[in-house]
Amino acid sequence: MKSSFRIRAVAFVATAAVLALTACSAGSSTSGSSGSSPGGDQKLSIGLVAEPASLDFTTTDGAAIPQLLLGNVYETLVKQDDSGKIVPSLAKSWTVSADRKTYTFDLVDTAKFTNGKPFTANDAVFSINRVKTAWTISLKAAMDVVSQAKALSPTQLQVTLAKPSNDWLFRMTTRIGAMFSESGVSALATDPVGTGPFKFSKWNRGDSIVMVRNDDYWGTKPFFQQITLKYFKDATALNNALLTSTINVIGTVQAPEALSQFTSNTKYQVIEGTTNGEVLLSFNNSRPVFKDIRTRQAIRMAIDHKALLDTCFAGRGKLIGSMVPPTDPWYEDLTGIAPYDLAKAKSLLQASGAAGKTLRLRLPTLPYATSCGQVVKSMLEQAGLKVQIDQLEFPAAWLTTVFKNADYDMSIIAHVEPRDLGAVFNAKYYTRYDDPTLQGYLAAADAGDEAAQVDNMKKAARRLSEQAAGDWLFLLPNLVVADKNIKGLPQNAITESFDLSKLAR
Amino acid sequence: MKRLNPSLVAGGVIVGVIVLMALVSFVWTPYDATLVTPASRLLKPSWSHWFGTDKFGRDVLSQIMVGSRTTLFVGVVAVGVAAVIGVPLGILAAMVRRWSSEVIMRANDLLLAFPALLLAIMFGAVFGASTLTAMVAIGIASVPGFARVIRSGALQVMRTEYVLAARAAGRRPWPIAVRHVLPNVTSLITVQASVSFAIAVLAEAALSFLGYGTPPPTPSWGRMLQESQEFLFSAPRLAIFPGVAIAIAVLGFNLLGDGLRDRFDPKLEDRR
């Protein structure tokens, strides 16, 4: 009798423990929407996956920081609209000299920083000069072309370039162009001060960041009084958070296999568009094994990209074949350069002597990277390579080990910065890709007229693909799921920012 | 004739089947457990794939089989670590002077108060997620259990006449511990090992589920559960099979521990 009771008790405890394990996936927080009454004090909660490592994008890499702050807390002189066109922001208008070296901006005169100081041309000069002197991230190189920034009056700014540059004005729409107050840069990592429609309020590390409406904003004031960005490491927990009304919006769906639970439910809207997020299987080109182009080409040919996309991202997204998304003017479908050919991949690996070698694939702990990494490993091992997967905690461990120290053979990460071909593929970046021919195309694209820019950027993209400087697994789709009544959600995510100011209910 | 102990038999059979499955997986599995075959993804259970396939097209039965290796390996090493540290500590605590014993046991209590999973997650964060980190962390977290149980057993042995005789004859503490105390606490070690094994299996599954255990693509029951989350609505079988495997394994080791305790406990002698 006692023995059978014991068996039942043990069985109950074991089963309960497993059930507890399986239940661990649910989201845990309870904050969120404040109710349905219309008005100015409404709140919104958005779920995202990658939490910023800091709030200072001048010294810390990572797309999560500009996604949060750019356009929301910090503004730029010019910005991109939804179609990618450069439009006014803090600059009402601008003119370019005939030699394409001098830009004169007329600035708005009503903008104020959240520390109360007015925004003037002197702040713009300070911000532009500060990129060269105080920024440490590699993207700061985009400002090297500026030879002088001068305030002609409180509302007029003149920037002189050392040489004509197509790229510079575009870069001014990115984090490089963020405008800072001279008295507001003492604690960028924790207390950002900008002119934008939102103010940073609170950061519960590991959980959420709270933004509140800037009621002194110079432009159209946002609808929501408070927006909470909640960060989830687990893709399913993110989905569950929306299902349980913990959040109102999933900013980027990371578990596309589970999307059907939203598409079939009239309570939700699903938006599918495109992004700048090239999911790159990066090679450490400074490693001897990658010096041989045959090895790099073999890896590209060993991967069946269509099958990979179907397997690790439910077939959503786009195959691109190089580092250019379809929304850029110089996009070409380059997937035909390295088509899936297992037999050829095997023979290339034999010829280069890489067959049988072990490569370390160091993955960030991001859902798409973990999924795709397993597919890549399996496909490369069928071609004759050995692949050892290491998972590195993202962002801290991955940024230090792979991004900063380049201690890796291969990695997988989505590069979401716009027009980032030149930034990602150079000798100083973690790809360690040193190619004078590519740099020549990029320089010619930057210096030439619009037609020359498009032509040379196409050559650069083709060069990258032919040289197999990395492998472009696919382009991330912009998958947004939200409560049915949320308006202003972006169809495409082609800038660095998640624009919170357009959201409404 | 002694009555058959049902817990011992049931536990022994379950554990035996798991060990057998792990051993067989070294020489044969229906399919390569890590081979990604996109064309066969998310297949329902059939004659060719008894438990179906996962989103990578990997055979679930093959993964369960290979995953049992991870489970047993983690259990063996974690229990080994716990026993190697915990048993000597327990015997030492029973043999040394009162205040030294207090120091050892209070330090032991301190470790006991620290949640095992939290310790393992800390290890994972510092040394990186791996099976080895999980094993060592689970092992260290299981040390207090061993030390407490062995100390109580050793204290009883220390009061027996043969130990008193050995001490009177001038035997040094070390030979007494090895020749007299250790052999007499073996049954306690066995029982504690099987109970700790069940805890280690569950802890490894939890750690892999949370991403701090066995890294992909090495099959692990906990990670199979984690990867099945996306499919709880569309293919719940992907969660059920590894979930049931974990439940059965934990049940098996607990029953075995229960049965062994019944068998070795002299107080239960009259009931047998």
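Chain A is divided into domain 1 (77-177) and domain 2 (275-477). These bounds come from an automatic or database domain assignment. The model is predicted: local features need pLDDT of at least 70 and side-chain atom pairs count only at pLDDT 80 or more, while totals for chains, interfaces and linings use all residues. Residues are numbered from 1 along each chain as its sequence is written, and chains are lettered from A and ligands numbered from 1 in the order in which they are written.

**Domains of chain A**

The C-alpha centres of domain 1 and domain 2 of chain A lie 32 Å apart. Ten residues from domain 1 of chain A and eleven from domain 2 of chain A form the contact. Two residues are in contact if their C-beta atoms, placed from the backbone, lie within 7 Å.

**A hairpin in chain A**

Helices (H or I, at least four residues) and strands (E, at least two) are DSSP runs, numbered from the N terminus. Strand E4 (residues 91-96) and strand E5 (residues 102-107) of chain A run antiparallel, joined by five bridges. Strands pair if DSSP finds at least two bridges between them. Val96(A) stands opposite Tyr103(A) in E5(A). The hairpin has five residues between the strands, and there Arg100(A) takes a positive phi near 60°.

**Two helices of chain B**

Two packed helices are described by the angle between their axes and the distance between the axes. In chain B, the axes of helix H3 (residues 98-113) and helix H5 (residues 131-158) come within 8 Å and cross at roughly 140°. Axes are lines fitted to C-alpha atoms, for helices over the stretch in contact, and angles run from 0 to 180 degrees between N-to-C directions. H3(B) and H5(B) are therefore oblique to each other. Angles under 35 degrees count as roughly parallel, over 145 as roughly antiparallel, 65 to 115 as roughly perpendicular and the rest as oblique.

**Where the chains meet**

34 residues of chain B are in contact with 35 residues of chain A. H10(B) gives the largest share of the chain B side, nine residues.

Ala, Val, Leu, Ile, Met, Phe, Trp, Tyr, Cys and Pro count as nonpolar, Asp, Glu, Lys and Arg as charged, and the others, Gly among them, as polar.

| Side of domain 1 of chain A that touches domain 2 of chain A | three residues | five residues | two residues |
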